[in-house]
Each structure stands twice: as C-alpha cells, then as structure tokens.
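Visitor: Please take a close look at one part of this model, the place where charged side chains pair up. I would like a connected account of what sits there and what lies beside it.

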Amino acid sequence: MVALDISHARRRPPAASAPETAEPRQPAPLKPRSRRLDTLVVPQSVKGRFRRLKWLALIFCLAVYGLLPFLRWNRGVGEPGQAVLLDVEKGRLYAFSIEIWPQEFYYLTGLLILASLVLILLNALAGRVWCGFLCPQTVWTDLFMAVERGIEGDRRERLRKLGSPMSLRRAAGIALKHAIWLAIALWTGTGLVSISRMLSRRSARSRPARRPPSPMPG
C-alpha cells in the first residue's frame with residue numbers, strides 16, 4: 001500500500017535571495033506647478049495672413065462704430081444733420097436718406113430678418129467668417145487682448161509673472177490694464193449715445209429759429 005502525504009502545513013524552503021545591488025539613482029523631483037497656472041488660459045500671439053486680415057477687420061469695425069456719429073447728412077432746415085441717428089424724443093430712426101417712424105417699425109424687423117438670413121448663408125458657405133472676423137465679441141476681445149499683451153507681454157512673460165510673487169511694478173501694470181479696459185468699456189457703452197446727443201444739440205442750436213405765422217388780415 002502506498003500512502004500520500006498531502007499536508008498543506010509544509011512549505012518549500014525560500015529561494016536564495018539575490019545579492020543586494022545599488023539602487024538606481026532617482027531623478028530629482030520636479031517643482032510642482034501652481035494649480036492656478038494649470039487652470040488659466042493664456043493665449044499665444046500669432047502672425048500670418050489671416051491675423052493681418054483680422055487686424056484690418058478690427059480697425060474697420062471700430063472706425064465705423066467710432067466715426068459714424070460724426071458723419072453728416074443734409075436733410076433740410078429743421079431736421080437733424082447726422083447721417084445715422086436714433087431720435088428717442090421724437091421716436092424716429094434716421095439712416096442717411098431713410099426716415100423710419102414708430103408705425104413703420106416693420107421695415108426694421110424685415111431688415112433684421114434679412115440680416116439673419118445673410119449671416120446663416122455666410123456661415124454655411126464660408127465657415128466662421130462672421131464669428132472669427134466681424135462679430136462684435138471677437139472685435140472687442142481682440143482689442144482687450146491687444147491691450148493686455150502690450151502691457152504685460154506675451155504668453156511666456158505673463159506665465160512667468162503669474163508664477164512669481166506680486167511686486168509694485170506688476171501691480172501698477174495690472175491697474176493700468178484694467179483702467180484702459182474700463183475706459184474702453186465706458187466708450188463702448190456711452191460713447192455713441194453721448195456723441196449723438198452732443199451733435200444733435202449742436203445741430204439744434206444751429207438751426208434758424210422759425211418765425212410764428214403772421215396773423216391773417218381782418
């Protein structure tokens with residue numbers, strides 16, 4: 001008779017351990033980046049043909065917005081002399097030779113619908129031409145970023161400043177940047193209205209006074 005010993009209490013002797021060798025030299029740990037720098041989006045300036053086209057579109061759009069109130073249009077005696085004017089007091093919209101009254105507001109509605117169709121067709125044919133070059137948000141974003149880049153430098157310089165402690169010179173640059181941004185915002189929000197009111201008052205003062213009608217002979 002053959003007996004088999006299947007006891008699990010026995011264990012194999014441990015294998016001979018390999019001779020200890022020198023541990024490989026670990027590289028020095030990198031300096032951890034700030035969590036704030038990892039979450040920031042700092043764009044890099046680009047150059048090229050399309051960037052030049054964007055600068056030309058920006059200059060054109062800002063020139064139209066800033067110089068349009070100064071464009072004059074002769075409508076006769078007693079009428080405003082601005083080419084484009086929204087007269088809130090009289091409830092009229094002047095656009096060159098066009099004069100729209102409140103009861104003719106459907107003309108403006110039709111014009112807005114036509115502009116929406118042109119925008120959809122332009123995006124379907126030429127992609128993001130409107131959003132990338134002529135959209136007001138794009139124009140003013142490029143203007144604000146140009147101010148920031150002119151004061152604080154390009155991407156690498158701004159990242160270096162963000163990773164360094166605050167200094168008096170950097171604080172002055174940030175204050176100057178926000179002051180210019182605030183001036184641009186005020187000019188954008190109130191400049192067109194203020195210029196229009198100033199020019200309308202000036203044209204009203206320059207109008208000849210109307211004589212009262214002479215009484216009918218009795």
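Guide: A salt bridge here is a side-chain nitrogen of Lys or Arg within 4 Å of a carboxyl oxygen of Asp or Glu. The model is predicted, so local features need pLDDT of at least 70 and side-chain atom pairs count only at pLDDT 80 or more, while totals for chains, interfaces and linings use all residues. Residues are numbered from 1 along each chain as its sequence is written, and side-chain values use heavy atoms, with hydrogens and water left out.

By the salt-bridge rule, the count comes to eight. One of them joins the side chains of Arg-158 and Glu-148, at 3.3 Å from N to O. Arg-158 lies in helix 6 (residues 155–163) and Glu-148 in helix 5, so this pair ties together parts that are 10 residues apart in sequence. Helices are DSSP runs of H or I with at least four residues, strands are runs of E with at least two, and both are numbered from the N terminus. Arg-158 counts as buried at 6% relative accessibility; buried means under 20% relative accessible area, exposed over 50%, and partly exposed in between, with a 1.4 Å probe and protein chains only. Glu-148 is buried as well, at 18%.

Glu-148 has another partner: its side chain meets that of Lys-177 in a salt bridge of 3.4 Å, N to O. Because Lys-177 lies in helix 7 (residues 168–206) and Glu-148 in helix 5, this pair ties together parts that are 29 residues apart in sequence. Lys-177 is also buried. Through shared partners, salt bridges join Glu-148, Glu-152, Arg-158 and Lys-177 into one network.

Lys-54 lies in helix 2 and Asp-142 in helix 5, so the linked parts are 88 residues apart in sequence. Asp-142 is buried, with a relative accessible area of 10%.

Next comes the nonpolar side of the picture. The largest nonpolar core has eight residues: Leu-58, Cys-61, Leu-62, Val-139, Trp-140, Leu-143, Val-147 and Ile-184. Such a core is a set of buried Ala, Val, Leu, Ile, Met, Phe, Trp, Tyr and Cys residues joined through side-chain atoms within 4.5 Å. Helix 2 (49–67) and helix 5 (136–152) each give two or more residues to this core, and helix 5 supplies the largest share, four residues. Leaving aside neighbours within four places in sequence, Val-139 is in contact (heavy atoms within 4.5 Å) with Leu-58, Cys-61, Leu-62, Phe-133 and Leu-134.
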